[in-house]
Amino acid sequence: MGVVRRLAALVGAGALLIVMPGNAHAAAPKFSETTAIGTHNAYDKAKYTYFAQALDSGASLLELDVYVDSISHRWRVSHSNPLGNDNNCEAAKTPGELYSKSRNQDFGSCLDNIAAWNQLHPDHPPIVFKIEMKVGFNNNAGLGPDEFDTLVRQKLGSSVYKPSDLLGSSYSTLDAAAKANAWPSRDSLKGKFLFEVIPGTVEMNNPFDHYWTDQEYGDHLRDLYTAGNIAQAEAFPAVLGAAGGDPRSTRWTSDTSIRPWFVFFDGDAATYVNNGYDTSFYSTNHYISIMTDAYNVSPAISSTNPTDAEVAARLDLLAKNHASLITSDWSAKPASVLSEVTTRS
């Protein structure tokens, strides 16, 4: 059991004060100082019948694949159908409607489900929603970063922890805030959601698309801050792909001004670990590092249903490799496993 989970158990048992060696009081760990577990493609009906069950799972990260449908001007949620919805999000806007309504709804309905579930569980641990924009944004069709922010804000309001929250009044870039470890404690993020946006597989394989989600949202953050409107932004863009060193140093070479707006990094766990990359870069700078396909790190374990002990060992291993969140298709595991949180090295 991780250190954070053990401390939580002590507090739950009625301990009012935790005393550490040297009589130093144990500070509540910051969001950047822990490692937790997430579920890949949590919108898939084969994983959870309803998206509310994905929220119930205890996972600290849930992934949604979103297509912008430029014909209907809707935000579709699907793995491979850009013109239709295929998911476990339901037409439910109130807590009493969850687990019972028709599924295959759009992204707005997924957010409605989240808002309704949040009313039932106002003190839940922080949950990251990883949004893969499969074909990217389409700003010309009114489906750009501004509209994404507006939709999230309308549905979830103050329950979202935003880039402006990390900046506070002290920092002018997300990079500066992260390096100062301005992240709040996990305890203070109870009831909060965070949004991470990444480029999509279709977008990245489109030879005519040279303006991917990461750059577009990075530009969006920079420009909002310059205009004094950074509070409008609802998401953190991620640098996608495992690499040695600072992956921002080889990206956006013609305009480096958006690099300081990236403090989320998302890449394949096996590439990081099996190649021996020095991932201490992420924890030293208090960046949020998401390591995907955690099962595939040598020695590989089941991608769907490993033993509880194997999940715990993989969590500890990747915490030592400075991950903030690890993901796999472990939706079959119980909440006692998926809710595990340990100390990030």
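Mentor: Here a disulfide joins Cys 89 to Cys 110, with an S to S distance of 2.0 Å. The general idea is that a disulfide is a pair of cysteine sulfur atoms within 2.5 Å. This is a predicted model, in which local features need pLDDT of at least 70 and side-chain atom pairs count only at pLDDT 80 or more, while totals for chains, interfaces and linings use all residues. Residues are numbered from 1 along each chain as its sequence is written, and side-chain values use heavy atoms, with hydrogens and water left out.

Trainee: How many disulfides does that rule give?
Mentor: The count comes to one disulfide. Its pair links distant parts of the chain, 21 residues apart: Cys 89 is in the loop between β5 (74–77) and α3 (107–120), and Cys 110 is in helix α3. Those labels come from DSSP runs, numbered from the N terminus: helices are H or I with at least four residues, and strands are E with at least two.

Trainee: Why is the disulfide of Cys 89 and Cys 110 called right-handed?
Mentor: Look at the torsion about the S-S bond: it is about 105°, so this disulfide is right-handed.

Trainee: Is Cys 89 buried or exposed?
Mentor: Buried means under 20% relative accessible area, exposed means over 50%, and partly exposed lies in between (1.4 Å probe, protein chains only). Cys 89 has 0% relative accessibility, so it counts as buried. Cys 110 is buried too, because its relative accessibility is 0%.

Trainee: What is a salt bridge, and how many are there?
Mentor: A salt bridge is a side-chain nitrogen of Lys or Arg within 4 Å of a carboxyl oxygen of Asp or Glu. By this rule there are 17 salt bridges. One of them pairs Lys 134 with Glu 132, their closest N and O atoms being 3.3 Å apart; both residues are buried.

Trainee: Which residue forms a salt bridge with Lys 179?
Mentor: That is Asp 175, with the closest N and O atoms 3.2 Å apart. Both lie in helix α6 (residues 174–179), four residues apart, about one turn of the helix. Lys 179 is partly exposed because its relative accessible area is 44%, whereas Asp 175, at 11%, counts as buried.

Trainee: What about Asp 246?
Mentor: Asp 246 forms a salt bridge with Arg 248, the closest N and O atoms being 3.0 Å apart. Salt bridges that share partners join Asp 175, Lys 179, Asp 246 and Arg 248 into one network.
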